[in-house]
Amino acid sequence: MSELTIGGSPTVRRRRLGAELRRLREQAGLSADDAARHLECSPSKISRVETGRTPARVRDVRDLLDLYLVHDSSERGILLDLVRQSKEQGWWQSFGDAVPDWLETLIGLEGDADTICTYESVLVPGLLQTEEYTRALAMDFDGEGSPSEAERTVALKRERQKRRGQTGRRIHALLDEAVLRRPVGGSEVLRGQLEHLLAEASSGRVVIGVIPFRAGGYPAQGFPFTLFEFPDTRDQPVVYLEALSGAVYLEKAHEVRRYKVAFDKLRACALGPDEAGAMIMRIVEKVKVE
């Protein structure tokens, strides 16, 4: 219990606090409805706190600990300290409204994950994009967006990539062949992006697999997802699913297990790192000729 406050971004601290509150509630034999009645709030608020979606208030946690019969002063102190730590601002706060709540959660997970496994069927994963590729996407996504907004998106992603690189953590990326051939931003931008993928792969920081067209249909085809796993076993894996204007995060064990199985099946369909690298090089040469 004394290690509960060690390390992690505000995002992960909120998740860890929520998991501990859920454990204590279940240990006390109480439902989320019971906790909601005690706080005079909605059960959905209890759910958001227990999943780390909503920052907890010190007063609410203190009241919940009373309800759960947690009287040990040391344990209460650790949990209340964690409430305060979970409210600390992350580095991304300086980007203001460029970071909505759903993206704040993603950035926190990226920073604390030990392993990132991602499958993409259309676009290069964000953490592996070049600035030119990101800029082209930002301009295409919102035709009415200003260049300054696009540059803020580029700067934010550049900082996310920089911090990921500092951790030394590896990314396992499985890409549909279509990702390598879609000329986002034009052929010159695509060529630079493909060369960047090769450089990342050669650095040892990224493992890239490619699912070739000849594989035909395959499991999870067309449904991109990212799986985050953490070095601390108290932090449960999370699956990230991106939508047009937000994201969904899956944390239930049976849901996460399904995506782990899907990633393994995708990997079985994909070309390994050497063959994938050779394919990317062939496409780069073709783009150069064109």
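1. At 21% relative accessibility, Cys 41 counts as partly exposed, since the class of buried residues ends at under 20%. The model is a predicted one. Cys 117, by contrast, is buried, with a relative accessible area of 8%. The closest cysteine sulfur to that of Cys 117 belongs to Cys 269 and lies 16 Å away, which is too far for a bond. A search of the whole structure finds 0 disulfides, where the cut-off for a pair of sulfur atoms is 2.5 Å.

2. Overall make-up. The protein has 12 helices and 6 strands. Its C-alpha atoms fill a box of roughly 70 × 40 × 30 Å along the principal axes. Of the 290 residues, 45% are buried. Among contacts between residues at least 6 apart in sequence, 74% join residues at least 24 apart.

3. The sheet. The 6 strands form an open sheet with mixed pairing, in the order β3-β2-β1-β4-β5-β6. The edges are β3 (206–211) and β6 (246–250); each has a single partner strand, so one side of each is left without a neighbour in the sheet. From one strand to the next, the twist averages 15 degrees.

4. Pairing around β1. Strand β1 covers residues 115–120 and pairs with β2, residues 170–176, in the parallel sense over 6 bridges. Within this pairing, Tyr 119 has Leu 174 of β2 as its bridge partner. With β4, strand β1 pairs in the antiparallel sense over 5 bridges. Here Thr 115 stands opposite Glu 229 in β4.

5. Strand β4. Which strand does β4 meet through 3 bridges? The partner is β5, and the two run antiparallel. Thr 226 has Tyr 240 of β5 as its bridge partner. Of the 5 residues of β4, 4 are buried, so the strand is largely enclosed by the rest of the structure.

6. The β5–β6 hairpin. Strands β5 and β6 pair in the antiparallel sense over 5 bridges. A hairpin of 2 residues joins β5 to β6. The bridge partner of Ala 243 in β6 is Gly 246.

7. Helix across the sheet. Helix α6 (residues 101–112) lies across β1, β4 (225–229), β5 (238–243) and β6. The helix runs at about 50 degrees to β6.

8. Aromatic pairs. A search of the whole structure finds 5 aromatic pairs. In one of them, the ring centres of Phe 225 and Tyr 259 are 4.9 Å apart and the planes stand at 70 degrees, so the pair is edge-to-face. Planes over 60 degrees apart fall in that class. Phe 225 is in strand β4 and Tyr 259 is in helix α11 (residues 253–269), so this pair ties together parts that are 34 residues apart in sequence. Phe 225 has 2% relative accessibility and therefore counts as buried.

9. A tilted pair. The rings of Tyr 240 and Tyr 249 have centres 5.4 Å apart and planes at 45 degrees, so this pair is tilted. Are these two tyrosines buried or exposed? Tyr 240 counts as buried at 6% relative accessibility, and Tyr 249 is buried with a relative accessible area of 11%. Tyr 240 is also the residue in β5 that is the bridge partner of Thr 226.

10. Aromatic cluster. Tyr 119, Tyr 218, Phe 225, Tyr 259 and Phe 263 form one aromatic cluster. Two of its members have already come up as sheet residues: Tyr 119, whose bridge partner is Leu 174, and Phe 225, which lies in β4.

11. Helix α5. This helix spans residues 73–86, 14 residues in total. From the first C-alpha to the last, α5 reaches 20 Å, close to the 20 Å expected at 1.5 Å a residue. Its buried residues are Glu 75, Arg 76, Ile 78, Leu 79, Leu 80, Leu 82, Val 83, Gln 85 and Ser 86. An α-helix has 3.6 residues a turn, so residues three or four places apart point the same way. What covers the buried residues of α5 includes α1 (10–27) and α4 (58–67).

Technical notes
Residues numbered from 1 in each chain as written. Predicted model: local features only at pLDDT ≥ 70, side-chain atom pairs only at ≥ 80, totals over all residues. Heavy atoms only, no water. Pairing = 2+ DSSP bridges. Axes fitted to C-alpha atoms, helices over the stretch in contact; angles between N-to-C directions. Contact = heavy atoms within 4.5 Å. Phe/Tyr/Trp six-rings, centres within 6.5 Å; stacked < 30°, edge-to-face > 60°. Buried < 20%, exposed > 50% of the residue type's maximum accessible area, 1.4 Å probe, protein only. Expected span 1.5 Å × (residues − 1).
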